[in-house]
Amino acid sequence: MKKLTLGFLTKLTAFVLCLLCLAAATAAAAGLLIMGEAGTLHIPEKHLRENTLSQYLYSVMDDVVQLAVQSEDGASARYNADYSNLRYTVELDGYIIDTNLSDEHFAGTGVSLSWKCKLTELCKPAYIDPGIQSLVAQSRQPVSSLRNINAVVHLHLVEPLSFPDVFRTVDTGIRLLCAVRPYLGWIVAGGYLAAIGLLVYLFHAAGRRPGREEITLNLLDRIPADVYLAGCAGLVVLLLSLCIASIDRLSHSGGLALGWLIPAGLSALAVLAVTLGFFLGAATRIKRGVLFKNTLIWRIFSLLGRGLRACWRGVCFLVRSIPFIWRTALLLGLILLTDFAFTVIMINLRHNEGIELCYWAIKSLLFIAAVIAVAMNLRAVRQGCRDLAEGRLDARVDTRRLIGDFKAAGEDVNSIGKGMAKAVEERLKSERMKTELITNVSHDIKTPLTSIINYVDLMKKEPLENDTLRGYVEVVDRQAARLKKLLEDLIEASKASTGALSISPEPCELNVMLQQSAGEYAEKLAAAGLTPVLEHPQQPVYIMADGRHLARVFDNLLGNACKYSQPGTRLYLTLKETGGKAAVTFRNISREALHTDGDELMERFVRGDRSRHTEGSGLGLSIARSLVELQGGAMKLVVDGDLFKVTLVFPSVSAAAAAQALQESAPEYADAVFSSLDPAAIAAPETTEAETVCAGTDAN
Amino acid sequence: MYTILICDDEPDIVSALKIYLNSEGYRTLSAANGREALEVLAHNEVHLLLLDVMMPVMDGIETLARLRKEFNLPVIMLTAKSEDSDKVLGLNIGADDYVTKPFNPLEVLARVRSQLRRYTQLGSSVSAPTGVYTVGGITLDDRQKTVTLDGEPIALTPTEYDILRLMMRRAGEVLSPAEIYKSVWKDAPFGAESTIAVHIRHLREKIEIDPAEPRYLKVVWGKGYRLETDRKG
């Protein structure tokens, strides 16, 4: 089916049919228009024929008269009665000078035309044959009065028109026209409708071929569109001029040279064919999407564009390969050179203010635009750097809008950010894994340790005769307890150092905290022979901290003091608040000489005595420091001779802020705590320090 | 005689606990995992369960959740996990107490004793006469000036008694040292609050099984002290 509907022959037939339909319809329309205008659409055939033939007779009249007066033979050579339907008689001043009638009367019926006028209206005197002149002169008048010769021309067409000449052709045409006259409207409508239908088919089928899905270009379609257009236009112009020339000839001959009708019609048909062909080709190109691409202009421009782009890329590469400083220098040099050249030109032009103003305006605008662009780029890169500096590692510089070296800088910043983010993430991951490992291992150790502790305890309960054995059991018992403590500290330290602890900061009154801690340690301090001395301001000092973790810090520090202090000395616990900072200081005298500095002591598993024979894991200070830092504080350790001094510094908060924070987090506690406060103590910033010596024994 | 079920996958720990509990006069049963424990519970009369958390087949948490649907007996969790969140989870699911590994056998015995006493004796003490305060296993009779813990009398100094009475009256509240001082000593607390901490500590040693991890008398660090109202009401 497709093969049939899209085949070449089908298309060709449709094309020809379409042309013919168009031509017929157009001709019919032209006929209708002309006849409508001339009012000949409805007059009877006889009159139309007579009118038309009369006009033709009038057209040949000149010819007949000229022939008659110019030669001896007269017009009978052209209009011989043996092969022409025309019968004529030319009279000059009553003398019949030429005729093709055998007798002097017109015989039969037919269309006739008689014309009377001066001879000079029909032909110029110069053309008049001397023989005729003399004939006329002899008869009546001198030659000088040739213009006064009266001419009478009788023309007659013999019916039926038996000889094939122009009259018969016209006659046939008129008969034909009259035959189709009633159907002209139908021809116009039908012709155009058929043409439209065929056009639709042709435009649809353009470029399609049987057996191929895609639009296929034929040889003509491969010609560049503009060349094709020019060719078609040239052809059309040529054909149109041919057509016009033919019609011109026809009309010059007064409609006698009917042979010109053939070239005229054919060329008109060819114009139609070329135009239709062009549009069908254009349709194929549009369908294929190559209307503009397949043009010579497009090709030239794309070639030019490619060349320009290559040049630009080359220039860019060249510029990029110049070092940054040299590039800047080059740019500045170019600007100076332009200025210099402009100034020289201006001097030669005798300072045209208008041009100068324009130049400086353009230059200033360009300069401002460049400075703004540089500033914006710089800001983007700067912002990226600041993001990195402030720890926002996921922030990225949008390099799409940056230019030149700023783009490179932005990309560098981005890759630094990426690298840092990756490093931080890996670090965190490894820390987390370490903590998990320590926690898991510790948990696994706990189970066997439970058995050891339990069975050692059972052994202690058994009656042992052997004192040595009992001593050994004691050692195992003590070491098991130590192992237990060590494990707990290890888990705590790993959690605290990696921040795996959950911290919920609440307002914490340091005065109370110190009293509570000192109270908890009263017996242990007394056992270690230490006298605690508490110094704190009368009004409460608040910090934001997690009480449980802070208690652990105090616990570790006091435990340390108990373990390592010289008996019989004092332990000073001092709380001070200065300039928004609350500082708690622990001061005690070391029993052993400390041959190490403070920072080293805070490292994990470092102990001042180096002998490692006393209890403790060596993690206490490390845990304390981690916990303090997790809560936003700082821990400082100073060893000055035997003086061992630990300072904890936290940002303090005002009593009002503390009350508010407490109200928000735990309203039920707030009333209980703050109802007991003396309002006067908050209002008056008294700095009298209360000093309490804890005897370390029960007050009872 | 009370029957105690010990559920732990570590045989050594089970047998050690058995020795301690038997020496105290308890009958003991054992199970190696949660499923076995549920079986034993179904076929025996058990008064208390010591339940390990990390066990094969069925762990302690799941076992606890299942047995709570059928049985009402005190459960003490034995756990190697010492994180607070694990403890809270265990207590929320229905454990009565917990002991973290590595544990002190004496502590386990004390907790067992405490739970059994409360379970058997204090179940009925609902309505208390005026002047008698009860918080958890602690009962303070202000008329007779006596304090009992899980039914056993405790000897307190007058100051400790006054502090405990104040805290039991206002159980659940955080009391600052200054407030306690004002109330007990009837005096302005200038600088003398530190002594409160010492008294509280002594008090805690008397009423708590593990003073380092108190059940009742809690230190609210940086604020004061609070007597915890019993979780079980």
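Colleague: Is A:C117 buried or exposed?

Modeller: A:C117 is buried, with a relative accessible area of 10%. Please bear in mind that this is a predicted model.

Colleague: And A:C21, buried or exposed?

Modeller: A:C21 is buried, at a relative accessible area of 17%.

Colleague: How far is the sulfur of A:C21 from the closest cysteine sulfur?

Modeller: That closest sulfur belongs to A:C18 and lies 6.8 Å away, which is too far for a bond. A disulfide would require the two sulfur atoms to be within 2.5 Å.

Colleague: How many disulfides are there over all chains?

Modeller: The count over all chains is zero.

Colleague: Which residues is A:L510 in contact with, leaving aside neighbours within four places in sequence?

Modeller: A:L510 is in contact with A:V541, A:I543, A:L550, A:F554, A:L575, A:A582 and A:V584.

Colleague: Now chain B. How many helices and strands are there?

Modeller: Chain B has eight helices and 12 strands. Of its 233 residues, 55% count as buried. Among contacts in chain B with a separation of 6 or more, 58% come from residues 24 or more positions apart.

Colleague: Within that chain, how far does helix α1 reach from its first C-alpha to its last?

Modeller: Helix α1 of chain B, residues 11-23, reaches 18 Å, close to the 18 Å expected for its 13 residues at 1.5 Å a residue.

Colleague: Which residues of α1(B) are buried?

Modeller: The buried residues in α1(B) are B:I13, B:V14, B:A16, B:L17, B:Y20 and B:L21. Seen down the helix axis, the buried residues of α1(B) fall within an arc of 165°, so they line one face. In general, an α-helix has 3.6 residues a turn, so residues three or four places apart point the same way.

Colleague: What does the face turned away from the buried side of α1(B) carry?

Modeller: That face of α1(B) carries the exposed residues B:P11 and B:S23.

Technical notes. Residues numbered from 1 in each chain as written. Chains lettered and ligands numbered in written order. Predicted model: local features only at pLDDT ≥ 70, side-chain atom pairs only at ≥ 80, totals over all residues. Heavy atoms only, no water. Contact = heavy atoms within 4.5 Å. Helix = DSSP H or I, 4+ residues; strand = E, 2+ residues; numbered from the N terminus. Expected span 1.5 Å × (residues − 1). Buried < 20%, exposed > 50% of the residue type's maximum accessible area, 1.4 Å probe, protein only. Arc of directions from axis to C-beta.
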